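This report looks at the surroundings of a ligand and then at a pocket in the protein.

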Amino acid sequence: MSLPTEESAVTVLGLGPMGRALTAAFLNAGLRTTVWNRTAGRDHELVARGAVSARSAEEAVAASGLTVVCVVNYDAADTILRRKAVVDALKGRTVVNLTADTPDRARDTAAWAAEHGVRYLDGAIMTPTPTIGTPAAVFIHSGPKDLYLEHRSVLEALGGTHTHLGEEIGRAAAYDIALLDIFWTAIAGYAHALAVAQAEGITARELAPFAKGIGDILPPIFEEFAEDVDNGSFSGEGNPLTSAVSSMAHIVHTSEAHGIDAGVMRAAEGMARRAIGLGHGADGFSRVTELLGRR
Ligand code: NDP
């Protein structure tokens with residue numbers, strides 16, 4: 001039996017919300033898409049739309065030259081990929097691991113893949129499920145460039161932008177970690193802000209339009225920080241740390257007066273106070289980046 005060609009076939013392992021969205025996009029692009037998930041029954045809708053349901057992970061990976069893995073983390077991915085029957089079926093084929101985890105786990109998986117004759121690319125998805133298959137999706141990839149180019153057309157069936165960040169296999173996961181750092185601390189700040197607002201009798205709906213306004217002022221600040229950090233300038237002209245820390249203290253006091261945990265803001269305030277203590281009070285908050293890794 002001949003293998004379906006690279007351009008026409010793909011396997012997806014993992015049918016959580018993201019795995020299902022990836023599969024739907026591959027199907028919409030007309031690719032022969034084979035699926036497998038640890039828990040059976042998650043593929044009914046996809047099968048109705050033309051996906052091929054494999055009875056095992058080894059059967060799934062044997063169906064295509066390219067397998068995309070998208071499960072909760074690399075512990076789960078390892079459990080699936082490192083069984084002997086799966087390893088045997090994967091030899092000479094390509095795995096693109098779009099599961100999120102740490103750069104070290106990506107490097108470990110690449111070393112395992114090299115040892116077992118599996119061609120390996122790592123990647124991460126930076127946008128939520130509704131974006132998949134649309135121009136709004138963002139994918140980042142790392143690993144051997146020639147392997148990426150070989151599979152790029154199939155990966156691009158997922159829509160959006162695809163960026164190859166370099167040959168170093170941990171690079172996509174490193175970007176993912178840094179970007180999710182922004183996301184989760186911002187979301188934690190928003191959840192906290194809603195609690196403080198509620199305690200002051202302001203509903204979440206009332207605050208939301210103003211919260212979006214705060215979101216809108218961030219992009220130029222991201223650019224300024226990038227300049228500061230890369231140039232070592234840390235200019236605090238518009239908002240020196242001595243002023244920022246006072247605003248943070250007000251948030252801590254108001255939260256705690258309402259019995260609301262202020263741990264996240266206390267951490268930010270602590271970083272600012274440390275920078276001030278080291279003589280950087282006239283600098284902007286970007287100075288914190290330079291100090292964080294220092295003891
Ligand atoms: P989850 O992160 O909840 O992953 C669910 C998938 O993981 C299911 O297929 C589940 O199988 C599988 N799984 C969990 N544990 C195991 C295990 N021990 N062995 C085998 N399979 C296991 O949902 P998502 O689909 O949303 O996310 C998948 C990946 O995509 C994650 O790494 C996530 O960070 C990333 N991602 C998700 C986004 C989103 O918007 N959802 C956005 C960007 C990235 P089962 O059904 O059997 O439990």
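Helix 1 provides the largest share of the shell around the ligand, namely three residues. The model described here is predicted, and in it the ligand is surrounded by 21 residues, of which M18, N37, T39, R42 and A100 are the closest. Helix 1, which spans 17-28, and helix 4, which spans 74-81, each contribute at least two residues to this shell. By residue class, the shell around the ligand consists of eleven nonpolar, eight polar and two charged residues.

| Residue | Protein atom | Distance to a ligand oxygen atom |
|---|---|---|
| L15 | backbone N or O | 3.2 Å |
| G16 | polar backbone atom | 3.3 Å |
| R38 | polar side-chain atom | 2.9 Å |

On its own the ligand has 880 Å² of accessible area, and the protein covers 73% of this.

The largest pocket has a volume of about 2400 Å³, and among the 48 residues that line this pocket, T185, A186, L218, F222 and F285 are the closest to its centre. Two or more residues of the lining come from each of helix 8 (171-199), helix 9 (204-231), helix 10 (241-257), helix 11 (263-277) and helix 12 (287-292). Helix 8 gives the largest share of the lining of the largest pocket, with 15 residues. The lining of the largest pocket is made up of 33 nonpolar, twelve polar and three charged residues.

Conventions. Residues numbered from 1 in each chain as written. Predicted model: local features only at pLDDT ≥ 70, side-chain atom pairs only at ≥ 80, totals over all residues. Heavy atoms only, no water. Near = heavy atom within 4 Å. Polar contact = N/O pair within 3.5 Å; in protein donor to acceptor, adjacent residues only side chain to side chain. Areas by Shrake-Rupley, 256 points an atom, 1.4 Å probe, with all protein chains shown as cover. Helix = DSSP H or I, 4+ residues; strand = E, 2+ residues; numbered from the N terminus. Nonpolar A, V, L, I, M, F, W, Y, C, P; charged D, E, K, R; others polar. 1 Å grid on protein atoms, 1.4 Å probe; cavity = no way out; pocket = protein on both sides within 12 Å on 5 of 7 lines; lining within 4 Å. Points joined across faces, edges and corners; volume = space filled by probe spheres on them.
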